[in-house]
Amino acid sequence: RLLGAGSLLTGLVEPTRRGDNVQVRLLDGERGAEFAHKVFELPAATLAAARDSLTTAVGDFLRSRLGTAIELSQTRQQTRSSEAWTLLQRAEKRRKDADSLLALDSTRVALATLAEADSMLMGAERADALWSAPPTLRASLAYRRARARQTAPDVARAAIDTGIMYATRAIASDARNADAYEVRGSLYFLRYQMKLTRGDDDSRA
């Protein structure tokens, strides 16, 4: 905080029987929250040569993660509520967990995970009703629920309608929220794909 750095990089070397483990952590410079971390193994037999490859590997790791860190930092600046920010990050983590579960066809557990994330976002909206990020992510969760329940049209329709409502609310809070427009358009298109179109709703996407 004293340095005013946006991001901080820390490292820790732990000797092991097979060589060294190098732990690299990327932190938020303001709050100290961890954005990402990775452990690199350096075999003792090739320690000298591995140092060069480690430099390259760490550089690749930072390039891939700094973009995410910058995006998170920009999102953080959109709300003054620490509670809303924390809940949004937890919900995003659960969203990623649900995506992994859906990829494994664990639909029931994935839907329960999406419900947990949505509850967290409800709390984020209560903490900061003007922040457009929580309803945008809720719309994204609704889209996933609808896709997962395509064999149950009534359930999918309800999820789509709910998601459109969330996205529209986000746009009302921030007309420049490109993510909200994108997810609302995706929800309208999913409705069209599932032959659930109602009247002229699609013209508003």
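Reader: What makes Arg138, Leu141, Arg145 and Tyr166 contacts of aspartate 118?

Author: Leaving aside neighbours within four places in sequence, these are the residues that aspartate 118 touches, contact meaning heavy atoms within 4.5 Å. This is a predicted model, in which local features need pLDDT of at least 70 and side-chain atom pairs count only at pLDDT 80 or more, while totals for chains, interfaces and linings use all residues. Residues are numbered from 1 along each chain as its sequence is written, and side-chain values use heavy atoms, with hydrogens and water left out.

Reader: Where is aspartate 118 placed, and why is it called buried?

Author: Aspartate 118 belongs to helix 3, residues 107-127; helices are DSSP runs of H or I with at least four residues, strands are runs of E with at least two, and both are numbered from the N terminus. Its relative accessible area is 11%. Buried means under 20%, exposed over 50%, and partly exposed in between, with a 1.4 Å probe and protein chains only, so aspartate 118 counts as buried.

Reader: What makes the pair of aspartate 118 and arginine 138 a salt bridge?

Author: The closest N and O atoms of aspartate 118 and arginine 138 are 2.9 Å apart. The term asks for a side-chain nitrogen of Lys or Arg within 4 Å of a carboxyl oxygen of Asp or Glu, so the pair qualifies. This pair links distant parts of the chain, with aspartate 118 in helix 3 and arginine 138 in helix 4, 20 residues apart. Arginine 138 is also buried, at 7% relative accessible area.

Reader: What does arginine 145 touch?

Author: Arginine 145 is found in helix 4, residues 133-148. Beyond its neighbours within four places in sequence, arginine 145 is in contact with Leu111, Leu114, Asp118, Ala159 and Thr162. From arginine 145 to threonine 107 the C-alpha to C-alpha distance is 9.4 Å, although they are 38 residues apart in sequence.

Reader: How many salt bridges are there in the structure, and what separates glutamate 92 from arginine 95 in helix 2?

Author: The structure holds 11 salt bridges. In one of them, glutamate 92 pairs with arginine 95, with the closest N and O atoms 2.2 Å apart. About one helical turn separates the two, because they are 3 residues apart in helix 2, residues 82-103. An α-helix has 3.6 residues a turn, so residues three or four places apart point the same way. Glutamate 92 is partly exposed at 22%, whereas arginine 95 is buried at 14%.

Reader: What makes aspartate 97 and lysine 93 another such pair?

Author: Their side chains meet at 3.0 Å, N to O, and aspartate 97 and lysine 93 are 4 residues apart in helix 2, again about one helical turn. Lysine 93 has a relative accessible area of 47%, so it counts as partly exposed.

Reader: Why are the buried residues of helix 6 said to be on the same side?

Author: The buried residues of helix 6 are Ala180, Val183, Arg184, Leu187, Tyr188, Leu190 and Arg191. They cover an arc of only 160 degrees around the axis, which puts them on the same side of helix 6; the arc is that of the directions from the helix axis to the C-beta atoms. The face turned away from that side carries the exposed residues Ala178, Glu182 and Tyr192. Cover for the buried residues of helix 6 includes helix 4 and helix 5, residues 153-173.

Reader: What span does helix 6 have, and what is expected?

Author: Helix 6, residues 178-193, has 16 residues and reaches 22 Å from its first C-alpha to its last, close to the 22 Å expected at 1.5 Å a residue. The expected span is 1.5 Å times one less than the number of residues. Just after helix 6, lysine 195 takes a positive phi of about 60 degrees.

Reader: Why is arginine 157 called partly exposed?

Author: Arginine 157 lies in helix 5, and its relative accessibility is 28%, so it counts as partly exposed. Arginine 157 and alanine 146 are 11 residues apart in sequence and 7.1 Å apart in space, C-alpha to C-alpha.

Reader: What is the make-up of the protein chain as a whole?

Author: The protein chain has 6 helices and 3 strands, running β-β-β-α-α-α-α-α-α from the N terminus. Buried residues make up 38% of its 205 residues.
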